[in-house]
Amino acid sequence: MTEPARDPGLQPERTRLAWRRTTLSATVAGVLAAKTALHGSTSAAGVVACAACCVLWLGFLLVAHRRIRALAVAGRPAALAPRQAAGAVLCTVAIALCAAALVV
């Protein structure tokens, strides 16, 4: 018995758009962190937090780009690897912590 062809509908497109929105949000957080760190009185801690935000943003961008490319493939996309999911969560939480440290 053959399995019927999979009709994913718009689910892969919605997921790709969600990854893009999240990447855009991380970009905005990184830009605001850089602006906060470099505006006015520049401290060593602010510059370190800004650099950490930038590195974490690059890490998240890498994970998001790989996932967006995987979702663009025709057919059933592979599940998100636990390592990639953990990396995305780690980067997101760490960016939030760095941004909070800059605001305080």
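Let's start with a pair of charged residues: Arg16 forms a salt bridge with Glu13, and their closest N and O atoms sit 2.5 Å apart. Keep in mind that this is a predicted model. Side chains of opposite charge can pair when their charged atoms come close. Both Arg16 and Glu13 belong to helix α1, and they are three residues apart, or about one turn of the helix. Arg16 is buried, with a relative accessible area of 17%, because anything under 20% counts as buried. Glu13, at 33%, counts as partly exposed.

Arg67 is buried yet has no salt bridge. The nearest side chain of opposite charge is Glu13, and that is 13 Å away. A salt bridge needs the nitrogen and the carboxyl oxygen within 4 Å, so Glu13, at 13 Å, doesn't pair with Arg67. What does Arg67 touch, leaving out residues up to four places away in sequence? Its contacts are Trp19, Ala78, Ala79 and Leu80.

Back to helix α1, which covers residues 11–38 and includes Val28. Together with Leu24 and Leu32, Val28 forms a nonpolar patch on the surface, with about 280 Å² of accessible area between them. Val28 itself counts as partly exposed, at 43% relative accessibility.

Last, the cysteines. A disulfide is a covalent bond between the sulfur atoms of two cysteines. Searching the whole structure turns up zero disulfides. Cys53 is buried, with a relative accessible area of 1%, and Cys91 is buried too, at 11%.

Key: Residues are numbered from 1 along each chain as its sequence is written. This is a predicted model: local features need pLDDT of at least 70, side-chain atom pairs count only at pLDDT 80 or more; totals for chains, interfaces and linings use all residues. Side-chain values use heavy atoms; hydrogens and water are left out. A disulfide is a pair of cysteine sulfur atoms within 2.5 Å. Buried means under 20% relative accessible area, exposed over 50%, partly exposed in between (1.4 Å probe, protein chains only). Lys and Arg count as positive and Asp and Glu as negative; His and the chain ends are not counted. Contact means heavy atoms within 4.5 Å. Patches are made of residues with over 30% relative accessible area and no salt bridge: like charges are joined within 9 Å, nonpolar side chains (Val, Leu, Ile, Met, Phe, Trp, Tyr) within 5 Å. Accessible areas come from the Shrake-Rupley method with a 1.4 Å probe; for residues, only the protein chains shown count as cover. Helices (H or I, at least four residues) and strands (E, at least two) are DSSP runs, numbered from the N terminus.
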